[in-house]
Amino acid sequence: MNVLDRKIAPEFQQVKNIQFLDVKQTQLSNGIEVNYINGGSQEILKIDFIFNAGNLFQTKSLVASSTNQLMKEGTKNYSSFEISEGIDKYGAFFEVENSYDTSTLTLYTLTKHLNSVLPYVKEVILQPQFSEKEFEIFKENAIERFKINLEKVSFLARKEFMTAIFSEQHPYGGSVNINDYNELSLNDIKQFYNENYNLGNCNIIVSGKVNDKTIDQLNTFFGKEKIAKSTSKIKGDLALQKKPTTIYIEKENALQSAIRIGRVFPNKLHKDYFGLQILNTVLGGYFGSRLMNNIREDKGYTYGIGSGILSLKNAGYFFISTEVGSDVTQKALTEIYKEIEIIRTVEIPKEELELVKNYMLGQLLKSCDGPFNMASLFENVNEYGLDYDFYNNYIKIIKEITPKILLDLGAKYFDKSDLTEIVVGKI
Amino acid sequence: MINFEKFTLKNGLKVIVHKDESTPIVAFNLLYNVGARDENENQTGFAHLFEHLMFGGSVNIPNFDEPLQKVGGTNNAFTSNDITNYYITLPKDNLETAFWLDSDRMLSLAFTNKSLEVQRNVVIEEFKQNYLNQPYGDVWLLLRPLAYQKHPYKWATIGKEISHIENATMDDVKAFFYKHYLPNNAILTIAGNVETAKIKELCEKWFENIPSGKTTERSLPKEPIQTEERRLKVERDVPANAIYKAYKMCDKKHQDYFTTDLLSDILALGKSSRLYKSLVKDQKLFSEISAFISGSFDNGLLTISGKLLDGISFEDAEQSILNELKIIKSESIKSEELTKVKNKIESTSKFSETSVLNKAMNLSFAELLGDANDVNLEVDKYQKISANDIKRVANEVLLESNCSTLIYSKKS
């Protein structure tokens, strides 16, 4: 019998191909487009109503997110309580989410209860009431939450960062201050709703156990409604960008400092995007990244450090984020810049790049697992007018990219003099 | 319904296999029957620190993460008061890598001083990040020792204090490993598009020659029955006053466990719940309110917590909670309200079954508590609960003599 040699790793293979679940298109009677992905073994559904109604379209701070959240708090025929109860009693979940570009309402339900919960969904989307009473409760509680967030060093660093890289007047750069809550009016919210939340400005994505009946049910509730042309317009100047800067906010008694370093970056529509994603993974995009290895696993300065690239419709940004012991803030900064400098001056060793490529392909395979994940993948490119080819192209570039190409990208995008640095806590 | 097969290796390692053909990903979940409750009171936080050390290289493999990432996999772990759970997801074709890596660290660790030194620091930073440098972060460091006087649930998984982590030695680490990290003290669950015969083969190859060890019957100090209400008031630099009321409840194997869970859902799950409607919306006393059970294996806690709105006194806020509890103890709940929380349980269970990792974890936990098949009976157990059961348990649990109250006050 062979003795097992535990020092030798089992054979493995790189992920060869990834199966994407098909996205199908159909139209409701009034012309609303519905994308759907059928799959999975459970009798469950997820329906996203994605509106072009993110912060990008607001004239005043907080308006987009407040509108999004207040829609559920009372409609023409149902009180806030009746809506929650109506959804809850069928075990469904109805969630809202606001981001820079879009605002989304998402329903999760068992297929057998779809017909019972859609009346509430329809009212929330088409006939929200925005009463003074609900607005006051919402505002008061939101201020409380905001005050608590202001005590968190990571929250402060994140908030400061967006303004620092884009500027206060840029649609992505506006920051929230406590006073903004007092200046928010119900009229702002009603106006924002009227301008942005019409079905002509909405993308519906259905995933899970989808069949003809599902589409028929959606048609019954949304197919007869008139759809108006969207009047939403981007507010603010997209061309604005600030010069790199360093901001330090001292927080007395802080045991840890939050660090955020980054810059404006290309988004998904740019040819360098994929290469930069690979570089980002090497630097701080996974557990074995260089930043994790150095600052956590070698020095023990932090519980975690990571970096990421966030793509928005009209720009993107790159950021490194961590919380470190306040006694080692300066040392951690030095090490972070050391790693950035290596990215722009030294070719990534072949073996490390091979590992990162395999890792990224494995993660992509995982992110395609099941209809809900697939719907997210689709949504993430559909809003840019792209399709699954984006991912096929991504796979191809991951497989083919060389250390030389990555070094050129590193030199171009990771210059310290282009980076903005925020520290909240103690230096 | 989660179908599975189960077998036990000669060294006592229990293995569960669940086949799910719909996914290219396999979940590999290895649960060790050891948690913070097994720690020495003067060395708390050790089970969790040890979990970190499990990533510091094993006897034949210097690095755990790298080879896994190289085959497209990812992993993590968590420690609770009851268990330590390690999990990997990876492309199906590369499953053997998970067997190779996790069997080697079950065999023995590298035990390097560097790893211990660094992970001590990492865990101390974790302590600061999640418990000390966050508003309300120390709540459970205060509430646990108030609610538990004898049972080891009186300390949090992160540990009682930072010094316990600072003082951990390599000898402690080794002793802990040899006592608890045994094949006969673990449950391995594989979920994905796999064949049991193949899994058996891999288990025999990688795990079966790891020697079993002597496990000792767990004999934890039993928490005496609480007979008087307990209160603690602290002042902290936070923007809002908060109140926490922790009521003792049954253990996880007790038949009332699910009833207590539903009771907490009726009280505060979502915006249609009683406490939210009454205290946040109608009376405007709290900016947020919640109720939840700890889910622990031994006698647990049903905790009600809320943040008070500006200008509301602790007395009025607490009285408003007590008024709601009085109603649920004296009036039978309507069947629609009961159906509502039961339906939520049913759909939550359906949605969680879309992930092989969730399924693998749930099978492992259920097996440790008695039988993996209990995952398939749970929803039914909830369905059978009656309005009378809810009322009875409310009357048994929601008593002030059974409660520990933490008044968390902002600095005046």
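Setting aside residues up to four places away in sequence, A:Arg290 touches A:Val282, A:Leu283, A:Glu339, A:Ile342, A:Ile343, A:Ile348, A:Pro349 and A:Glu352, where contact means heavy atoms within 4.5 Å. This is a predicted model, in which local features need pLDDT of at least 70 and side-chain atom pairs count only at pLDDT 80 or more, while totals for chains, interfaces and linings use all residues. Residues are numbered from 1 along each chain as its sequence is written, chains are lettered from A and ligands numbered from 1 in the order in which they are written, and side-chain values use heavy atoms, with hydrogens and water left out.

A:Arg290 belongs to helix H10 of chain A, which covers residues 290-298; helices (H or I, at least four residues) and strands (E, at least two) are DSSP runs, numbered from the N terminus. With a relative accessible area of 13%, A:Arg290 is buried, because that word is used for values under 20%, with exposed for values over 50% and partly exposed for those in between (1.4 Å probe, protein chains only). One of the residues that A:Arg290 touches is A:Glu352, and the side chains of these two are joined by a polar contact of 2.8 Å. A polar contact is a pair of N or O atoms within 3.5 Å; within protein, one must be able to donate a hydrogen and the other to accept it, and residues adjacent in sequence count only if both atoms are side-chain atoms.

From here we can turn to the meeting of the two chains. In chain A, 65 residues are in contact with 71 residues of chain B. Between them the chains bury about 6,100 Å², of which 57% is on carbon and sulfur atoms; buried area is the accessible area (1.4 Å probe) that two parts lose on being put together, summed over both. Of the area that chain A buries against chain B, 13% is supplied by A:Arg6, A:Pro10 and A:Tyr303, more than by any other three residues.

Between chain A and chain B there are also 31 residue pairs in polar contact, both residues being at pLDDT 80 or more. Several elements of chain A give two or more residues to the side that touches chain B, among them H10, helix H2 (80-88), helix H4 (132-149) and helix H12 (350-367). The largest share, 8 residues, comes from H4(A). Sorted by class, this side has 28 nonpolar, 15 polar and 22 charged residues, where Ala, Val, Leu, Ile, Met, Phe, Trp, Tyr, Cys and Pro count as nonpolar, Asp, Glu, Lys and Arg as charged, and the others, Gly among them, as polar.

What is the count of salt bridges between chain A and chain B? The count is 6, a salt bridge being a side-chain nitrogen of Lys or Arg within 4 Å of a carboxyl oxygen of Asp or Glu. In one salt bridge, between B:Lys344 and A:Asp88, the closest N and O atoms are 2.5 Å apart. This pair crosses between chains, from helix H12 (residues 335-352) of chain B to helix H2 of chain A, and both B:Lys344 and A:Asp88 are buried.

B:Lys114 is partly exposed at a relative accessible area of 42%, and A:Asp298 is partly exposed at 34%. Through salt bridges that share partners, A:Asp298, A:Lys299, A:Glu335, A:Lys338 and B:Lys114 form one network.

Last, consider A:Asn358, which lies in helix H12 of chain A and counts as buried at 4% relative accessibility. Leaving aside neighbours within four places in sequence, A:Asn358 is in contact with A:Phe12, A:Gln14, B:Gln69, B:Lys70 and B:Gly72. A polar atom of the A:Asn358 side chain lies 2.8 Å from the backbone oxygen of B:Lys70. Within chain A, the C-alpha atoms of A:Asn358 and A:Gln14 are separated by 5.8 Å, although the two are 344 residues apart along the chain.

As for confidence, the predictor gives the complex an ipTM of 0.94 and a pTM of 0.95.
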